[in-house]
Amino acid sequence: MHYEVDLLQLWCEDHDLDESHIHDLLKLGQEHIFLPGDMIVHQGQDATSFYILLEGRVRVIQQCMFFKEIIAVLQPGDLIGLNPRNFIEGLFKSFKRTADAECIGQVKALQISFSDIKALFSQHPEIEATF
């Protein structure tokens, strides 16, 4: 995969993973290209996977009753569509998305299912500790 070198460097720096673990993560995922304005995830949608942002930037928008609020702008290496409570509690179960993720420009992201990441964590508990 052509983005591997950049992603390896990001994850090595930010998550203290060795190269073999990063390759395991990359093998789990499916690469997607999104265009400016595309929504990667939608608030209220059932979630069974998350994304690793490889290229581009993504706005995280929470919709309240009468307005929308930008709560974050994600950069390469950030995770999209992941409820941190699921990681902390080790649940990796489906939940409702709590925000939209909208592409600011063209975006490349790696989608990984919760079932696949859970299986990887059970084989390599040291990877889970880095998230």
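Q: How many aromatic pairs does a search of the whole structure find?
A: This is a predicted model, and searching the whole structure gives two aromatic pairs.

Q: OK, what's the geometry for Phe34 and Tyr51?
A: Their ring centres are 6.1 Å apart and the ring planes stand at 75°, an angle over the 60 degrees cut-off, so the pair counts as edge-to-face.

Q: And which strands do those two lie in?
A: Phe34 belongs to strand E1 (residues 30–34) and Tyr51 to strand E4 (residues 49–55), so this pair ties together parts that are 17 residues apart in sequence.

Q: Are Phe34 and Tyr51 buried or exposed?
A: Phe34 is buried, and Tyr51 is buried as well.

Q: What about the rings of Phe50 and Phe114?
A: Those rings have their centres 6.3 Å apart, with planes at 15°, so the pair is stacked. Phe50 sits in strand E4 while Phe114 sits in helix H4 (residues 114–123), so the contact ties together parts that are 64 residues apart in sequence.

Q: What relative accessible area do Phe50 and Phe114 have?
A: Phe50 has a relative accessible area of 0% and is buried, and Phe114, with a value of 2%, is buried too.

Q: Switching topic: in what order do the four strands of the open sheet come?
A: The order is E2-E9-E5-E6, and the pairing is antiparallel. Strand E2 (39–41) and strand E6 (68–74) stand at the edges with a single partner strand each, so one side of each is left without a neighbour in the sheet.

Q: How much are neighbouring strands turned against each other?
A: On average they are turned by 30°, with direction ignored.

Q: How many bridges join E5 to E6?
A: Strand E5 (residues 58–63) is joined to E6 by six bridges, and the two strands run antiparallel. Within that pairing, Arg59 has Val73 in E6 as its bridge partner.

Q: Zooming out, what does the secondary structure of the chain come to?
A: The chain has five helices and ten strands, and buried residues make up 40% of its 131 residues.

Q: What share of the contacts joins residues at least 24 apart?
A: Taking contacts between residues at least 6 apart in sequence, 73% join residues at least 24 apart.

Definitions and conventions. Residues numbered from 1 in each chain as written. Predicted model: local features only at pLDDT ≥ 70, side-chain atom pairs only at ≥ 80, totals over all residues. Heavy atoms only, no water. Pairing = 2+ DSSP bridges. Axes fitted to C-alpha atoms, helices over the stretch in contact; angles between N-to-C directions. Phe/Tyr/Trp six-rings, centres within 6.5 Å; stacked < 30°, edge-to-face > 60°. Buried < 20%, exposed > 50% of the residue type's maximum accessible area, 1.4 Å probe, protein only. Contact = heavy atoms within 4.5 Å.
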